[in-house]
Amino acid sequence: DRNGVTFFPEEEVLLKDGGNFKKLINRPVIIKGIYIFEECESGRMVWLKDKETDKPLKNIFDINWLLKMKQ
């Protein structure tokens, strides 16, 4: 992301700010794919799935929206 944080496929993460997706704040999601997308700020987009329901989300998100889970 813009701060130099590295994310990996199958990693459990959180969204920083749900924006139009308020239901996803503080809800763990899993990275299913990371794609190069030069038109976005970070140059990377991610495809996520909901950890609780195991269903993929219908939107893709800029990688800058992600937060690492605290361990």
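Lys-68 sits over the face of Phe-7, 5.2 Å from the ring centre. For a charge to count as over a ring, NZ of Lys or CZ of Arg must be within 6 Å of the ring centre and within 35 degrees of the ring normal.

A quick word on what you're looking at: this is a predicted model, where local features need pLDDT of at least 70, side-chain atom pairs count only at pLDDT 80 or more, and totals for chains, interfaces and linings use all residues. Residues are numbered from 1 along each chain as its sequence is written, and side-chain values use heavy atoms, with hydrogens and water left out.

Back to rings. There is one aromatic pair in the structure. Phe-61 and Trp-65 have ring centres 5.7 Å apart and planes at 45°, so the pair is tilted. Here, rings of Phe, Tyr and Trp (its six-membered ring) pair if their centres lie within 6.5 Å; planes under 30 degrees apart are stacked, over 60 edge-to-face, and the rest tilted.

How covered up are these and a few other residues? The table uses these classes: buried is under 20% relative accessible area, exposed is over 50%, and partly exposed is in between (1.4 Å probe, protein chains only).

| Residue | Relative accessibility | Class |
|---|---|---|
| Phe-61 | 3% | buried |
| Lys-49 | 15% | buried |
| Trp-65 | 33% | partly exposed |
| Tyr-35 | 44% | partly exposed |
| Asp-54 | 48% | partly exposed |

Lys-49 belongs to strand 3 (residues 44–50); strands (E, at least two residues) and helices (H or I, at least four) are DSSP runs, numbered from the N terminus. Setting aside neighbours within four places in sequence, Lys-49 touches Val-29, Ile-30, Lys-32, Asp-54, Lys-55, Pro-56 and Leu-57, where contact means heavy atoms within 4.5 Å.

One of those partners, Asp-54, is in the loop between strand 3 and strand 4 (56–62). Asp-54 isn't a glycine, yet has a positive phi of about 65°. Most residues other than glycine have a negative phi.

Finally, the surface: Tyr-35, Trp-47 and Ile-60 make up a nonpolar patch with about 290 Å² of accessible area together. Tyr-35 is part of strand 2 (residues 29–36). Patches take residues with over 30% relative accessible area and no salt bridge, joining nonpolar side chains (Val, Leu, Ile, Met, Phe, Trp, Tyr) within 5 Å and like charges within 9 Å. A salt bridge is a side-chain nitrogen of Lys or Arg within 4 Å of a carboxyl oxygen of Asp or Glu; accessible areas come from the Shrake-Rupley method with a 1.4 Å probe, and for residues only the protein chains shown count as cover.
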